[in-house]
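The sequence and structure come first.

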Amino acid sequence: MSFIRESFSEFWASNISKIGILFLTVLVIVSIYTVVTLPLDFGVRYWYNPLYWVDYPKTAQPEWINIFLSEKLMSHAELSVSKASGIKTYNNRFIKYYNVSYNHEYNQFPKFITLRISNLLFHNRDSPPIVRFYVTRPDGKTVELYTLAIETPSNNVIPPFKYFSIEPKRILLSGDMYLARSLIGFLYREFNISLGISSILEIGNERIIFGYISGKNTFTPLTGRYVFSTVLVCSDVNDNIGMVNVVLGGYVYGLMGTDVLGRDLSQGLLFGFPVALIIGIGTSLLTTVIGAGLGIISGYIGGRIDDFIQRFADTINNIPLLPLLILLSFIFGGKLWLIILVLVFFNWPSLTIIVRSMVLSAKTSQFIEAAVAIGASRLRVMVKHIFPQVAPFVFAQMIFFTPYAILAEAALSFLGLGDVTMPTWGQILEYGFKNGAVFLGYWWWILPPGLFIVYSAITFVFIALGMEPVVNPRLRRWK
Amino acid sequence: MEPILKLVDIKTYFSVRKGFFKTLTVKAVDGVSMTISKGEIVAIVGESGSGKTTLGRTAVKLIEPTSGKIVFKGSDITNIKGDIRWIRKEAQIIFQDPFSSLNPYMTIKQILEEPLIIHGVKDVSERREIILKTLSNVRLSPPEEFILKFPHMLSGGQRQRVCIARALVLNPSFIVADEPVSMIDASSRAEILLLFRELQEKYGIGMMYITHDIATAKYFSHNIGVMYLGKIVEYGSIREVLKNPLHPYTVALINAIPDPDPENRFRERPIVPGEPPSPINPPTGCRFHPRCPKIIDGKCNLNEPTLREVCSKHFVACHLY
Amino acid sequence: MLLEVSGLRLYFKTLRGDVKAVDGVSLSLDKGKTLGIVGESGCGKSSTANAIVRNLPRNVSRYEGKIYLEDMDLTILNEAEFRSKIRWRRISMVFQGAMNSLNPVLKVGFQVAEPLIIHKGLRKEEALKIVEELFRLVGLPPDIVNRYPHELSGGMKQRAIIAMALTLNPDILILDEPTSALDVSIQAQIMNLLKSLKRKLGISMIFITHDIALASDICDDFGVMYAGELVELGSAEKVLLSPKHPYTQKLLSSIPRLHSDKTPEFIPGAPPDLVAPPSGCRFHPRCPYVMDKCYRENPQSILVNGSFVKCWLYK
């Protein structure tokens, strides 16, 4: 129809609409990317599963912050080695070395150190292997980090024995007593310093490993090349470690940093895109369809149906939204479908009332009378004759309503009423506030979700503004 | 000639709520009987408040009569319930305002197709053929160009022809034309009316032509009924009534029409004083008596005159006769 | 000669191009006389009237010509001068559909009195007194001043509008389709009123309508407009009884006559598009007497037997 073409060219004429469509395209593309790359149960499986994030740095800033800092913050480092770098024999024992090196150039200590080994394979039941961990510092000194004794396998398991294949063995060196004791000896041996175990633990194992004494009991980070060495003492030449990981907790991580649980915010924020779109568009679509539909029926058919729908709409308009929502969340638990349902249920009345009055005036047009005169059924008149009169307005309302829905959901999540199975921007904000991110200055946790909420709302506002010149002349008569 | 439409003592009243407790009754049509035969055009002439518009709509059952009987093509349709689509097929109505009686969002093709679709003409090419033929009947040529246009692209006269085409597309046997040319330029009215007349003669359609302009009725109708405040005050053949108007109101209407004669500007024409009263509280007795120059005191303000045949086929409701 | 208009042009800017609504119109009005301007809808008659009282929309692309009121050239006045000296004081207008644009929330008397309050600085009570007099003049009972528009019938509203146009005693009253929305009998009443005003006040009028029969009721002189041009201009007798321009002839024969038996003819075709009117004489596509010259050149307006005609049939 030519007037669709005309309206589109009107719409496209203003720059605001172009910006709006551009923003919308970005939203859609990012959402598609998210849906393709992240699994649907991302919320339950990963986001709300703290174990998954154990090796991630906590409250790390985004990596790109280093561009602006003169003194670079340490990047989170995960070192891995999966092949033996060397093998020696000694007393009919085999010694396999797994080495990985790391260049530390930062003026900070790692926040934590974690060792992980996976897929340990050995053959001799009576002599299980021993795993020892060492680190050689840039100043040549070596620290013994940890010794891992392997349990003898039980009698009903047949060789070859595979350990740590389902779940890797994780050793957190920070705060480890064994390492602390080892460090007492290290300090005395290498630096002639005598410190008790409580002092060591107070200073922190990482600081001692990665630092040198610069004053009384203060350590300064030691830059340079560190080599982490894993030694496997085994009785069979085919015994093997599948992979060794050394995790050095950093201060910066990823595109958007991490939160207090170490969750990669870029993933959480990414997931928020399609959710915002679905909530925004879904809610406004449902509200518009119900609101406009009831408005047309109410206005055109009139009589008792009209009275009934109007009184129903009035009643709903007067129910306070928030207390009811809190109650429902309490009963059913926060769920996405509940939020959408409630938003739709409380917002269709206002549209119905307006559409009804538009229909009442459209009803008096003579072409409506003409349609009845040629035998059109009531349904036909409503769909083919009345609806096109109110369609531009209804469509514009739908677009106007979308940012409201997005903001409403964000607000609800922020109040703690949101859906806890999937991360939304509102939820991320809520968790941040709850953990004092504002006071602690964790800007990367608070600003992005806020900005994204605003961005998605603005997208639809711009589109709606672009729709205005299309809607307005319709309200006047065609020339 | 077989009668297509027979109205027997039709009364159409409307209730108007004025305030919380008061309800007023508007007696728009207050006892009208008439017959329209196949191929006959009856002009209904009156001013605002005469009820002619309501009469037209009641005749095609767009408004339900409050009492009386409507017999359409032999069947009593007064109280008919259920599917009345066959009535909608046989009886059509053309409205006054060509600007608002066409849906501005539909093309001419869609507007003309709609009646066909509603009444079950399923074949697309058959519909197209009917539409093109009807458009050339109303002299909108070339039809293929017109079907793609929107109403706002056409002039008033062209739009009115589309309305006529819409009424004709179902081959009705009866059409009510409610002031079809009042909103068209005086110089174009004749064209539309002649077209109407031609088509009506060709297809033998019975017609009720509602107008306030007696001059056009002359060229267009066979019989004329003059309405005042819901009642017919004079009825007869058009020639007869114009040559020999009996009711004082008819006389006044005829006098009110200007003739393009330069002598007119020196004449103050005899007119009827006052305004047509409202149909809510019609005057007692003869409804015209407050404005009538020939009032018989004691009779006209007390008794309502009945419509009686005074000369052959010339009826009038007046105490003068 | 009270009013003389020459070469009046008014073009509007639209998306498709310039609408040449008034394209070189020249007419004159004598004191105490009534000039009728007739034509189909869209021929530019309303625009001519609006051009004279300078009631111009925002998209005017060309507005030129000379308008002399007695000896004063109105076109050299700026907007402020025109508003204070001419509009409503010397020339006033009854617009098309004016009776429907009365403010529904103000009393009729107050609305009619507004020109007096604004222009003459009268106090409300004094102005209302004058309005009561005016109402008597136009045949309205004086207590109407306290009514609201919705309480008045169509005929009464139109009389009130005419009264409003007469408040400052103008020399010229322009009426644009003053009776088009009224019942026939009310129409006759209003026409009688205008005739009586003409007699009693000696007011000069320009009467614009599409209905020649109606115009003949009151007009001394007749102008026929087609596609933005005046194709014939002369006295009522000359134009109505011996029309010269083919369009005038066709127009007259297209009117249904009550008192004659002739079937009305009609003019085939439709009025032209004012953005791109036909070349040469604008009526040539519909003219029964069209010649070669008519396609090429637009005829000048020449005096033939006391009327001005724009047609190549005449030399």
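## A helix pair in chain A

Which residues in helix 9 of chain A meet residues in helix 10 of chain A? The model is predicted, and in it Leu321(A), Leu325(A), Leu328(A) and Phe332(A) of helix 9 meet Leu338(A), Val342(A) and Phe346(A) of helix 10. By class, this contact between helix 9 and helix 10 of chain A has 7 nonpolar residues, with no polar and no charged ones.

Two packed helices are described by the angle between their axes and the distance between the axes. For helix 9 (residues 321–332) and helix 10 (residues 336–363) of chain A, the axes come within 11 Å and cross at roughly 155°. Angles over 145 degrees count as roughly antiparallel, and helix 9 and helix 10 of chain A are therefore roughly antiparallel to each other. The crossing of helix 9 of chain A past helix 10 of chain A is right-handed.

## Which chains touch

There are 2 pairs of chains that touch, and the most contacts among them are between chains B and C. Chain A and chain C do not touch, and their nearest C-alpha atoms are 12 Å apart.

## Chain C against chain B

Here 39 residues of chain C are in contact with 36 residues of chain B. On the side of chain C that touches chain B, at least two residues each come from helix 6 (184–201), helix 7 (212–216), helix 8 (236–241) and helix 9 (246–253) of chain C. Helix 6 of chain C gives the most to this side, with 8 residues.

The residues on the side of chain C that touches chain B divide by class into 20 nonpolar, 12 polar and 7 charged.

Key: Residues are numbered from 1 along each chain as its sequence is written. Chains are lettered from A and ligands numbered from 1 in the order in which they are written. This is a predicted model: local features need pLDDT of at least 70, side-chain atom pairs count only at pLDDT 80 or more; totals for chains, interfaces and linings use all residues. Two residues are in contact if their C-beta atoms, placed from the backbone, lie within 7 Å. Helices (H or I, at least four residues) and strands (E, at least two) are DSSP runs, numbered from the N terminus. Ala, Val, Leu, Ile, Met, Phe, Trp, Tyr, Cys and Pro count as nonpolar, Asp, Glu, Lys and Arg as charged, and the others, Gly among them, as polar. Axes are lines fitted to C-alpha atoms, for helices over the stretch in contact, and angles run from 0 to 180 degrees between N-to-C directions. Angles under 35 degrees count as roughly parallel, over 145 as roughly antiparallel, 65 to 115 as roughly perpendicular and the rest as oblique. A crossing is left-handed if the near helix is turned anticlockwise from the far one by less than a right angle, and right-handed if clockwise.
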